[in-house]
Amino acid sequence: MKTYPLRIGELNALVVSDGGMPVTKEFFFANTPDHITHQFPAEFDAPLNFICISIDHKNILIDTGFGSECKDAGLLIQALNKHGISRYDIDEVILTHGHLDHIGGAVIKDKPAFPNATYYLHVEEWEMWAADKSSKEHSILSMLEDSITLIHKDMELYPGIRLFHTPGHTYGHLSVMVYSENQRLFIVSDLLNDPAALRHLSSHIGLEKSPEKGRQTRKAVLDFAEEQGILLFVCHYPFPGLGYIEKKDGVHQWTPLLT
Ligand SMILES: [Zn+2]
């Protein structure tokens with residue numbers, strides 16, 4: 001069970017692995033030329049990194065992992081327990097978007113898995129899944145209805161935690177900026193699939209709702225991260241999903257925090 005604690009200024013953060021997400025190359029690298037993906041096997045387990053931020057004795061979890069929706073994953077709560085954080089200790093859950101690898105762990109036996117938490121979701125994400133009544137995502141989000149606060153615009157949730165609407169992968173996809181003292185961490189969830197695809201910004205994880213908007217958002221976020229030298233956290237990048245964007249010969253590159 002992989003975990004990685006880090007500090008962001010005065011804040012404590014804990015990266016946990018939820019396990020692995022079995023994917024096909026075609027799904028994980030949609031709209032991607034062969035010369036970028038040829039080193040990947042036809043099927044593999046994509047990383048599933050999630051993060052919990054502790055601020056003023058509050059625990060803020062960003063996404064919940066697969067829960068019981070995937071037999072190879074669902075380790076997030078056990079990984080938090082290992083560091084003394086129980087599911088009852090989570091005060092806020094920010095859902096970056098509604099795909100099952102991010103919300104499957106939000107419920108246990110049809111009830112909120114983090115019973116003392118307020119859950120946050122962008123209003124466009126809620127409406128998107130509300131319109132897809134036969135989906136598993138709709139079913140899970142419905143179980144959270146009494147616990148969810150919908151986000152209508154970019155906002156500061158806490159001093160040091162700011163939510164940004166970053167649409168494309170889904171209509172209501174959220175990213176989260178964490179800042180303390182002079183340090184910043186930008187949590188960009190599923191805007192990115194793998195460092196190998198940074199050379200081809202039209203590459204995306206399957207099920208992307210609006211690939212053109214996704215490409216625009218990816219470019220804006222990567223340019224911003226590179227210019228500002230911000231530490232990024234990416235859900236499906238190699239564990240712990242932390243690193244910096246640099247530019248070489250006009251092309252974005254990933255420099256992992258751990259080498
Ligand atoms: Zn994902």
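1. Four of the five residues first: in S4, 4 of the 5 residues are buried, so this strand is largely enclosed by the rest of the structure. Buried here means 20 or more other C-beta atoms within 10 Å of the residue's own; exposed means 12 or fewer, and partly exposed lies in between, with C-beta atoms placed from the backbone. Strands are DSSP runs (E, at least two residues) and helices likewise (H or I, at least four), numbered from the N terminus.

2. A word on provenance. This is a predicted model: local features need pLDDT of at least 70, side-chain atom pairs count only at pLDDT 80 or more, and totals for chains, interfaces and linings use all residues. Residues are numbered from 1 along each chain as its sequence is written.

3. S4 on one side. Strand S3 (residues 43-55) and strand S4 (residues 58-62) pair in the antiparallel sense over 5 bridges. Pairing requires at least two DSSP bridges between the strands. Ile51 stands opposite Ile62 in S4. Ile53 has Ile60 of S4 as its bridge partner. S3 and S4 form a hairpin with 2 residues between them. In that turn, Asp56 has a positive phi of about 50 degrees.

4. Ile62 has Ile94 in S5 as its bridge partner. S4, helix H3 (residues 76-82) and S5 make a right-handed β-α-β unit. Right-handed means that, with the strands pointing away from the viewer, the path from the first strand over the helix to the second runs clockwise.

5. The sheet as a whole. It is open and mixed, with 7 strands in the order S1-S2-S3-S4-S5-S8-S9. Strands S1 (3-8) and S9 (148-151) stand at the edges with a single partner strand each, so one side of each is left without a neighbour in the sheet. Neighbouring strands are turned by 25 degrees against each other on average, direction ignored. Axes are lines fitted to C-alpha atoms, for helices over the stretch in contact; angles run from 0 to 180 degrees between N-to-C directions.

6. Further along the sheet. Strand S2 (residues 11-24) pairs with S3 in the antiparallel sense over 11 bridges. Asn12 has Ser54 in S3 as its bridge partner. Helix H5 (residues 123-130) lies across strand S8 (118-122) and S9, at about 80 degrees to S8.

7. The chain overall. It holds 7 helices and 16 strands. Its radius of gyration is 17 Å, close to the 18 Å that the globule rule gives for 259 residues, so the chain is as compact as a globular protein of that length. The radius is taken over C-alpha atoms; the rule is 2.2 Å times the number of residues to the power 0.38. Buried residues make up 44% of the 259 residues.

Technical notes
Two residues are in contact if their C-beta atoms, placed from the backbone, lie within 7 Å.
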